[in-house]
Amino acid sequence: YILDIGSKIRTFRKRKGISQRELAKLIGKSHSTVSKYEINQRNPSPGTLVTIAENLDIKAADFSIEEIIYYASKLYYTIGNSPNKTTAVSFKQTKL
């Protein structure tokens, strides 16, 4: 099972009629980062995924619950194995 979050980001972005540069500005990332998201060379964090969804006027669940769980579990693993265990993570409440 391969997650293809990138093509979904691209599809929703094009549906909204905005460029990668415009999306990048809206989510506070570089154009290069958005480009890498769309070709699956880089994975957005769960928080960034929610921010992308909000700025594309979709629900985070439109990416699919499997993808959300996958990215959330990667974040949990990363924090759990971090030498700085005091890292705090918070997510904005959003509609799923």
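This is a predicted model: local features need pLDDT of at least 70, side-chain atom pairs count only at pLDDT 80 or more; totals for chains, interfaces and linings use all residues.
**Figure 1. The residue D57 in the loop between α4 and α5 (65–80).** Most residues other than glycine have a negative phi. D57 counts as exposed because its relative accessibility is 60%, and the cut-off for that class is over 50%.

**Figure 2. The salt bridge between the side chains of K16 and D57.** The nitrogen-to-oxygen distance in this pair is 3.1 Å. K16 belongs to helix α1, whereas D57 sits in the loop between α4 and α5. The two residues are 41 residues apart, and the pair thus links distant parts of the chain. K16 has a relative accessibility of 34% and therefore counts as partly exposed.

**Figure 3. The salt bridge between the side chains of E38 and R13.** How many salt bridges does a search of the whole structure find? The search finds two. In the bridge shown here, E38 and R13 meet at 2.5 Å, N to O. This pair also joins distant parts of the chain, with E38 in helix α3 and R13 in helix α1, 25 residues apart. Are E38 and R13 buried or exposed? Both residues are buried.

**Figure 4. The residue N40 in the loop between α3 and α4.** N40 has a positive phi of about 60°, although it is not a glycine. With a relative accessibility of 33%, N40 counts as partly exposed, because this class lies between the limits of 20% and 50%.

**Figure 5. The crossing of helix α2 (residues 20–27) and helix α4 (residues 46–55).** Two packed helices are described by the angle between their axes and the distance between the axes. Here the axes come within 10 Å and cross at roughly 120°. The crossing of α2 past α4 is right-handed. On the side of α2, the contact is made by L23, L26 and I27. On the side of α4, the residues are T48, T51, I52 and N55. What kinds of residue make up the contact of α2 with α4? Four are nonpolar and three are polar, while no charged residue takes part.

**Figure 6. The buried residues of helix α4.** This helix is mostly covered, as seven of its ten residues are buried. The buried positions are P46, T48, L49, V50, I52, A53 and N55. Two of these, T48 and N55, also belong to the contact with α2.

**Figure 7. The largest nonpolar core, with 17 residues.** Which residues touch the most other members of this core? They are I9, L23, I27, I52, L56, I58 and F63. Two or more residues come from each of the elements α1 (5–16), α2, α3 (31–38) and α4. The greatest contribution is that of α4, which gives four residues.

**Figure 8. The surroundings of I52.** Which residues does I52 touch, when residues up to four places away in sequence are not counted? I52 touches I9, I27, Y37, P44 and F63. I52 is one of the buried residues of α4, and I52 also takes part in the contact between α2 and α4. Within the largest nonpolar core, I52 is among the residues that touch the most other members.

Key
Residues are numbered from 1 along each chain as its sequence is written. Side-chain values use heavy atoms; hydrogens and water are left out. Axes are lines fitted to C-alpha atoms, for helices over the stretch in contact, and angles run from 0 to 180 degrees between N-to-C directions. A crossing is left-handed if the near helix is turned anticlockwise from the far one by less than a right angle, and right-handed if clockwise. Contact means heavy atoms within 4.5 Å. Ala, Val, Leu, Ile, Met, Phe, Trp, Tyr, Cys and Pro count as nonpolar, Asp, Glu, Lys and Arg as charged, and the others, Gly among them, as polar. A nonpolar core is a set of buried Ala, Val, Leu, Ile, Met, Phe, Trp, Tyr and Cys residues joined through side-chain atoms within 4.5 Å. Buried means under 20% relative accessible area, exposed over 50%, partly exposed in between (1.4 Å probe, protein chains only). A salt bridge is a side-chain nitrogen of Lys or Arg within 4 Å of a carboxyl oxygen of Asp or Glu.
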